[in-house]
Amino acid sequence: MTEPDPDFRERHLRTADFLGAFGVLRRDDAILLVGNERTIAGQQRLCWDLPGGQVEPGELLEQALARELREEIGVAVTAPTPFLFVQEGERVIGGVRRYAWRSFFFAVPTWLGEPVATGEVCGLRWVPIAGLSAVLDAPYHDSFRQWLLGGGVWFHGRWAD
């Protein structure tokens, strides 16, 4: 049996820090989350995250966001995506910082297509804003929870196992 891989970065991009782009898709008073398998505290588990992911070399943030939304939930972004906030953090495993991350979050006001879970994610669900704090329980969710409570544009996070 192999041990769970605690590094969620794309394998071909593991020589650099993580740069990500994530979308906040809202329908009425709910926000779309996608399921991802993550290793948290040494245990493999399902986490509910905002759709998005790692920026590829040469991509701009908006291009990466559009690509990730197409790949993960099968939708096309149809309008500019206003910047919401950024989270900078560090991934620490066994007391050693493995990499830093910078994740940029954008509102996605309109899209073409009905979101569906593709093979890149384990599922999707619309979660009422009032119930998000109960679902956003991974260490890297702290900034999104803070932003939901009081706004802001820059947050620092730490994910240590």
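Leaving aside neighbours within four places in sequence, Gln87 is in contact (heavy atoms within 4.5 Å) with Trp101, Arg102, Ser103, Phe105, Tyr140, Asp142, Ser143, Phe155 and Gly157 in this predicted model. Gln87 is placed in strand E7 (residues 83-93), where helices (H or I, at least four residues) and strands (E, at least two) are DSSP runs numbered from the N terminus. With a relative accessible area of 2%, Gln87 is buried, a class that means under 20% relative accessible area, whereas exposed means over 50% and partly exposed lies in between (1.4 Å probe, protein chains only). Two of the residues in contact with Gln87, Asp142 and Ser143, also take part in polar contacts: the side chain of Gln87 meets that of Asp142 at 3.0 Å, and the side chains of Gln87 and Ser143 are joined at 3.1 Å. A polar contact is a pair of N or O atoms within 3.5 Å; within protein, one must be able to donate a hydrogen and the other to accept it, and residues adjacent in sequence count only if both atoms are side-chain atoms.

The model is predicted, with local features requiring pLDDT of at least 70 and side-chain atom pairs counting only at pLDDT 80 or more, while totals for chains, interfaces and linings use all residues. Residues are numbered from 1 along each chain as its sequence is written, and side-chain values use heavy atoms, with hydrogens and water left out.

Rings of Phe, Tyr and Trp (its six-membered ring) pair if their centres lie within 6.5 Å, and planes under 30 degrees apart count as stacked, over 60 as edge-to-face and the rest as tilted. By this rule there are 11 aromatic pairs. The rings of Trp111 and Trp126 have centres 6.2 Å apart and planes at 25°, so this pair is stacked. Because Trp111 lies in strand E9 (residues 111-112) and Trp126 in strand E10 (residues 123-128), the pair ties together parts that are 15 residues apart in sequence. Trp111 counts as buried at 17% relative accessibility, whereas Trp126, at 24%, counts as partly exposed.

The rings of Tyr140 and Trp159, with centres 5.0 Å apart and planes at 50°, form a tilted pair. This pair links distant parts of the chain, 19 residues apart, with Tyr140 in the loop between helix H2 (132-135) and helix H3 (142-150) and Trp159 in strand E11 (residues 154-160). Both Tyr140 and Trp159 are buried. Arg91 lies over the face of Trp159, 3.8 Å from the ring centre, a charge being over a ring if NZ of Lys or CZ of Arg is within 6 Å of the ring centre and within 35 degrees of the ring normal.
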